[in-house]
Amino acid sequence: MFKKARGGAEDDVKADLRKNPEKLDDMSAEELEDVFPSHEEYMEFETLRNQKVLKDRHPKLHKLASQSIQAKQELESLEKELKDKLESGEFADPFVKGKEDPEGKKKFEDHQQKIKDAEEKMEDASNEVYYYQEDNADALDGDDIPYDVEDLVRGEENKKEIQLYIENVNKNLSITEKIKKFKFRLYFKFFNIALCRDIISKST
């Protein structure tokens with residue numbers, strides 16, 4: 001069990017760990033218990049550590065994981081576009097009888113080909129990640145990198161999006177209204193990102 005953090009020195013350690021999360025590897029079990037009040041908070045820092053080690057020591061795998069995520073997003077976007085345009089009537093499903101719309105069917109078939117190409121791209125990207133992990137298994141194990149590296153990279157991208165969102169919101173707020181606090185909760189393998197905002201009332 002993790003002991004309750006007492007503040008002070010523990011807060012200084014956390015601040016340093018946020019900048020250099022790989023230092024987590026040098027901490028003893030007793031030090032970890034003193035610094036982290038809960039297992040959940042420890043896992044947040046472990047995820048930060050894994051993200052940095054992956055990016056610094058295995059940049060090729062980091063890039064491959066990013067490409068795999070992008071390929072999946074492209075496929076999802078094309079599938080959603082197909083559904084939306086079928087519903088709107090812009091595309092005509094050739095398997096639906098009794099409706100003549102040569103132009104709509106042509107658009108449907110062209111889009112289906114795009115989806116097939118995207119599926120192949122996604123499969124190739126996924127395989128590249130898998131092959132790298134197989135070929136470098138010892139190094140990855142030695143660095144304690146979890147198998148699902150795409151979760152780590154996706155967490156980085158989500159964090160950047162939220163930071164950008166906060167910056168954009170703050171541009172339109174007065175000093176006393178700006179976002180006071182936000183916190184990321186990143187879990188190992190299955191993670192959630194919570195954006196917590198406390199709005200300060202306008203001063204009188």
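Q: A salt bridge is a side-chain nitrogen of Lys or Arg within 4 Å of a carboxyl oxygen of Asp or Glu. How many salt bridges does a search of the whole structure find?
A: This is a predicted model, in which local features need pLDDT of at least 70 and side-chain atom pairs count only at pLDDT 80 or more, while totals for chains, interfaces and linings use all residues. Residues are numbered from 1 along each chain as its sequence is written, and side-chain values use heavy atoms, with hydrogens and water left out. Side chains of opposite charge can pair when their charged atoms come close. Across the whole structure, the number of salt bridges found is 17.

Q: How many helices and how many strands does the protein chain have?
A: Helices (H or I, at least four residues) and strands (E, at least two) are DSSP runs, numbered from the N terminus. Read from the N terminus, the elements run α-α-α-α-α-α-α. The chain therefore has zero strands, and its helices number seven.

Q: Which residue forms a salt bridge with Glu-44?
A: Glu-44 is buried at 5% relative accessibility, where buried means under 20% relative accessible area, exposed over 50% and partly exposed in between (1.4 Å probe, protein chains only). The closest N and O atoms of the pair are 3.1 Å apart, and the partner of Glu-44 is Arg-18. Because Glu-44 lies in helix H3 and its partner in helix H1, the pair ties together parts 26 residues apart in sequence, the partner being Arg-18.

Q: What is the N to O distance in the salt bridge of Lys-23 and Asp-16?
A: Lys-23 is partly exposed, at 37% relative accessibility. Asp-16 is also partly exposed, with a relative accessible area of 29%. Their side chains meet with an N to O distance of 3.1 Å.

Q: How far apart are the closest N and O atoms of Glu-90 and Lys-107?
A: Glu-90 sits in the loop between helix H4 (59-88) and helix H5 (102-135), whereas Lys-107 is in helix H5, 17 residues apart. Both are partly exposed, Glu-90 with a relative accessible area of 34% and Lys-107 at 31%. They belong to a network of salt bridges that links Glu-81, Lys-85, Glu-90, Glu-103 and Lys-107. In the pair itself, the closest N and O atoms are separated by 4.0 Å.

Q: What is the C-alpha to C-alpha distance between Gly-89 and Asp-101?
A: Gly-89 is found in the loop between H4 and H5 and is partly exposed, with a relative accessible area of 33%. Gly-89 and Asp-101 are 12 residues apart in sequence, and their C-alpha to C-alpha distance is 9.8 Å.

Q: Which helix gives the largest share of the lining of the largest pocket?
A: On a 1 Å grid over the protein atoms alone, a pocket is an open set of points where a 1.4 Å probe fits, with protein on both sides within 12 Å along at least five of seven lines; lining residues have an atom within 4 Å of a point. The largest pocket is lined by 10 residues, of which Leu-48, Gln-51, Lys-52, Glu-156 and Lys-159 lie nearest its centre. Two or more lining residues come from each of helix H1 (9-19), helix H3 (39-57) and helix H7 (149-171). The largest share, four residues, comes from H3.
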